[in-house]
Amino acid sequence: MTTRTATMSTPDGPFTVVERDGVVLASGWTADLAEVTGQIHPSLRAESVHQVAGLDAITDAVCAYYDGDLAAIESVPVRQLSGPFRNHGWEVLRTVAPGRPVTYSEYARLAGRPAAVRAAAGACAFNAAALFVPCHRVIRTDGSLGGFRWGLVVKTNLLAREKAAASPDGQSERVAR
C-alpha cells in the first residue's frame, strides 16, 4: 500500500490531500504536509508518503468542486478512525447539503444525539478530511461561523461558493437529514 500526497492550487489557497489506494486519509488548505498528516489516526499513518503531481479522481473532484460541481466531492471515499460517535458524525457530515449549513445543535440531532452538541463540535474539530467531509457546513446557532482549522476566510469562501452554486431558489438538490 502506497500513501501518496498532492498539493494543488485552489481559489482558497494550496490544498493538500493524502490518500492511500484511492481513499482520502487527510486534506486541508495548506502546502505543509505535516499539517495534514498529523490529523491522520495513528493506525492509518504510513512511514513514508510519496509526493505526486495529482491523485486522479480525487484531485479531479476537487477541481470539479471549484468549477461549481459541488457534488463531485461526495463520491470520493474517505477513511478516518475514532470512536463510534465521531465515526458516525463524519458520515452524517457528508449528508449536509451544500448551500444549507446546519448549526452545531442541528448537527448533533442529525447524528442521533441532540444533547451531544460539544461532541458534535469535537467531530468537526478532529475531522482530518476537510472538504470531503464538509465540517465547514456547520455554524453556530446565532449564525456566526464558529471555528475552522483552515481559517474563517476559507470557511466563509466555501459557504459563499456553495450558496451561490445552490439551485436558483437557494435550496440544494439534496436535503440535509
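Exposed, as used here, means over 50% relative accessible area, while buried means under 20% and partly exposed lies in between. With those words in hand, welcome to this predicted model. The tour below visits a strand hairpin, then the salt bridges, and ends with a pair of helices. A search of the whole structure finds four salt bridges, and three of the residues involved, Arg4, Glu19 and Asp56, are linked in a network.

- Strand 2 covers residues 13-20 and pairs with strand 3 in the antiparallel sense, over five bridges.
- One place to look is valine 18, whose bridge partner in strand 3 is alanine 26.
- Two residues sit between the strands of this hairpin, and aspartate 21 there takes a positive phi near 55°.
- Strand 3, residues 23-28, is mostly covered, with five of its six residues buried.
- As background, side chains in a regular strand alternate between the two faces of the sheet.

- Side chains of opposite charge can pair when their charged atoms come close.
- Arginine 4 meets glutamate 19 in a salt bridge, at 2.6 Å from N to O.
- This pair links distant parts of the chain, since arginine 4 belongs to strand 1 (residues 3-10) and glutamate 19 to strand 2, 15 residues apart.
- Arginine 4 also forms a salt bridge with aspartate 56, at 3.7 Å from N to O.

- Aspartate 12 and arginine 161 form another salt bridge, with their closest N and O atoms 3.0 Å apart.
- Aspartate 12 is in the loop between strand 1 and strand 2, and arginine 161 is in helix 6 (residues 152-165), so the pair ties together parts that are 149 residues apart in sequence.
- Aspartate 12 counts as buried, at 11% relative accessibility.
- Arginine 161 is partly exposed, with a relative accessible area of 21%.

- Alanine 108 is found in helix 4, which spans residues 104-110.
- Alanine 108 has 0% relative accessibility and therefore counts as buried.
- Which residues does alanine 108 contact, leaving aside its neighbours within four places in sequence? They are Arg113, Pro114, Ala116, Val117 and Ala120.
- The C-alpha atoms of alanine 108 and arginine 118 are separated by 8.5 Å, and the two residues are 10 residues apart along the chain.
- Helix 5, residues 117-125, has Ala120, Gly122, Ala123 and Cys124 buried.
- The buried residues of helix 5 pack against helix 3 (84-93), helix 4 and strand 6 (138-139).
- An α-helix has 3.6 residues a turn, so residues three or four places apart point the same way.

Note on methods. Residues numbered from 1 in each chain as written. Predicted model: local features only at pLDDT ≥ 70, side-chain atom pairs only at ≥ 80, totals over all residues. Heavy atoms only, no water. Buried < 20%, exposed > 50% of the residue type's maximum accessible area, 1.4 Å probe, protein only. Helix = DSSP H or I, 4+ residues; strand = E, 2+ residues; numbered from the N terminus. Pairing = 2+ DSSP bridges. Salt bridge = Lys/Arg side-chain N within 4 Å of Asp/Glu carboxyl O. Contact = heavy atoms within 4.5 Å.
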